[in-house]
Amino acid sequence: MPLPAHAAREVGAAVAAALDNVRRHCGGGARAWVLLEDGPGGVTVSVRDDGPGMPAGRLDEAAADGRLGVAQSIRGRIGDLGGKVTIFSAEGEGTEIEMTVPRRPDGSVPGPRS
């Protein structure tokens, strides 16, 4: 799927961070899936795992403790492209991180902080 180089690098880095979280927090037996969708309004990448999931409020607690991995490596990168990140997780149910980067009316993707 064509994306400007800067956007492709940032989306790729955010996906790598999500996959690194699967490796670090779910254990060696966990599986992960990456889905890429090119829609009229933007590009959506979902990273889903079959790990243990997270209790409600876990990411907010981590950020309050100064652990900003998801906030910076995923939300920050996608936010800089004008996109949004939605995280679905429940204990025992795995986690899905959905990252959407919008397209402008001309089909382009916003640049960093544009």
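In which strand is Thr95 found? In this predicted model, Thr95 belongs to strand E4, which covers residues 95-102. The close-up views below begin with the sheet that contains this strand and then turn to individual residues and side-chain pairs.

**View 1. The open sheet has four strands in the order E1-E2-E4-E3.** The pairing of the strands is antiparallel. Strand E1 (32-39) and strand E3 (84-89) stand at the edges; each has a single partner strand, so one side of each lacks a neighbour in the sheet. On average, and with direction ignored, neighbouring strands of this sheet are turned by 15° against each other. Helix H1, formed by residues 5-26, packs on the sheet and touches E1, E4 and strand E2 (42-49). The direction of helix H1 makes about 10° with that of E2. In a regular strand, side chains alternate between the two faces of the sheet.

**View 2. Strands E3 and E4 run antiparallel and are joined by six bridges.** Val85 stands opposite Met99 in E4, and Thr86 stands opposite Glu98 in E4. The hairpin of E3 and E4 has five residues between the strands. In this hairpin, Gly92 takes a positive phi near 80°.

**View 3. Eight bridges join strand E2 to strand E4.** These two strands run antiparallel. Asp49 has Thr95, in E4, as its bridge partner. Which of the two terms, buried or partly exposed, applies to Glu96? Glu96 is buried, with a relative accessible area of 16%. Arg48, by contrast, counts as partly exposed at 45% relative accessibility.

**View 4. Thr95 is a buried residue of strand E4.** Its relative accessibility is 10%. The side chain of Thr95 makes a polar contact of 2.8 Å with the side chain of Ser89. When residues up to four places away in sequence are not counted, Thr95 touches Val47, Arg48, Asp49, Gly53, Met54, Ile87, Phe88 and Ser89. Among these residues is Asp49, the bridge partner of Thr95.

View 5. A salt bridge joins the side chains of Glu10 and Arg77. The N to O distance is 3.3 Å. Glu10 lies in helix H1 and Arg77 in helix H3, which comprises residues 69-80. The pair therefore links distant parts of the chain, and the two residues are 67 residues apart. Within helix H1, the side chains of Arg23 and Asp20 meet in a salt bridge. The N to O distance of this pair is 2.5 Å. Arg23 and Asp20 are three residues apart in helix H1, and are therefore separated by about one helical turn. Arg23 counts as exposed at 56% relative accessibility, whereas Asp20 is partly exposed, with a relative accessible area of 25%. Asp20 and Arg23 also belong to a network of salt bridges that includes Arg24. How many salt bridges does the structure hold? The structure holds five salt bridges. Side chains of opposite charge can pair when their charged atoms come close.

**View 6. Pro40 is found in the loop between strands E1 and E2.** Pro40 is exposed, with a relative accessible area of 88%. In sequence, Pro40 and Pro102 are 62 residues apart. In space, the C-alpha to C-alpha distance between Pro40 and Pro102 is 8.9 Å.

Technical notes:
Residues are numbered from 1 along each chain as its sequence is written. This is a predicted model: local features need pLDDT of at least 70, side-chain atom pairs count only at pLDDT 80 or more; totals for chains, interfaces and linings use all residues. Side-chain values use heavy atoms; hydrogens and water are left out. Buried means under 20% relative accessible area, exposed over 50%, partly exposed in between (1.4 Å probe, protein chains only). A polar contact is a pair of N or O atoms within 3.5 Å; within protein, one must be able to donate a hydrogen and the other to accept it, and residues adjacent in sequence count only if both atoms are side-chain atoms. Contact means heavy atoms within 4.5 Å. Two strands pair if DSSP finds at least two bridges between them. Axes are lines fitted to C-alpha atoms, for helices over the stretch in contact, and angles run from 0 to 180 degrees between N-to-C directions. A salt bridge is a side-chain nitrogen of Lys or Arg within 4 Å of a carboxyl oxygen of Asp or Glu.
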